[in-house]
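Please have your viewer ready.

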Amino acid sequence: APSFGGDAPDGSAKTLADLRGKVVVISFGATWCEPCRQEMPAMERVAGSSDAVFLAVDLLEDGAKARSFMDSLGITHLQPLLDLDGTVTRRYGVVGLPQTFFIDGQGVIRHIAHGQILDETAVRTGIDKAK
């Protein structure tokens, strides 16, 4: 998986390298993306019962907007990450939202889901492919 660095809405920095050894689910979205809004509750439920790390990459929006969006949906287990200039989104070749990458503990992309709204079963299947 392409390495990246990004900022959380609280200003803390995150990198993919910091998460080595763990399954990582990276979901690319935005507050204006209705399908993203629809799949967030399923992601949240799985994240609350999984050892995987969930990163919600918010495209081209500031921290206050991303945090408000997640708060409005009751999202507490997905870690927001801001992609203020689109660099991370381009690095991953994302062309439509939402798009989700399932990365194994060695940093290898094992599954990509795009073009559909993920339900809990689809999220768990992606995690299983990354184990």
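Ser27, Gly29, Ala30, Met40, Ala56, Val57, Asp58, Ala66, Phe69 and Met70 line the largest cavity. Here a cavity is a set of points, on a 1 Å grid over the protein atoms alone, where a 1.4 Å probe fits but cannot get out, and lining residues have an atom within 4 Å of a point. The volume of this largest cavity is about 70 Å³, taken as the space filled by probe spheres set on the points, with grid points joined across faces, edges and corners. Counting cavities of 30 Å³ or more gives one.

Before going on, a word on the source: this is a predicted model, in which local features need pLDDT of at least 70 and side-chain atom pairs count only at pLDDT 80 or more, while totals for chains, interfaces and linings use all residues. Residues are numbered from 1 along each chain as its sequence is written, and side-chain values use heavy atoms, with hydrogens and water left out.

Which elements supply at least two residues each of that lining? They are strand 3 (24-29), strand 4 (53-59) and helix 2 (63-72); helices (H or I, at least four residues) and strands (E, at least two) are DSSP runs numbered from the N terminus. The lining divides into seven nonpolar residues, two polar and one charged. In this scheme Ala, Val, Leu, Ile, Met, Phe, Trp, Tyr, Cys and Pro are nonpolar, Asp, Glu, Lys and Arg are charged, and the others, Gly among them, are polar.

Now turn to a pair of helices. Ala42, Met43, Arg45 and Val46 in helix 1 meet Glu120, Val123, Arg124 and Ile127 in helix 4, with contact meaning heavy atoms within 4.5 Å. Five of the residues in this contact are nonpolar, none polar and three charged.

Two backbone details remain. Most residues other than glycine have a negative phi, and most peptide bonds are trans. Leu60, in the loop between strand 4 and helix 2, has a positive phi of about 60 degrees although it is not a glycine. The peptide bond from Leu97 to Pro98 is cis, with omega near -10 degrees, and Pro98 sits in the loop between helix 3 (87-91) and strand 6 (99-103).

Note on methods:
On a 1 Å grid over the protein atoms alone, a cavity is a set of points where a 1.4 Å probe fits but cannot get out, and a pocket is an open set with protein on both sides within 12 Å along at least five of seven lines; lining residues have an atom within 4 Å of a point.
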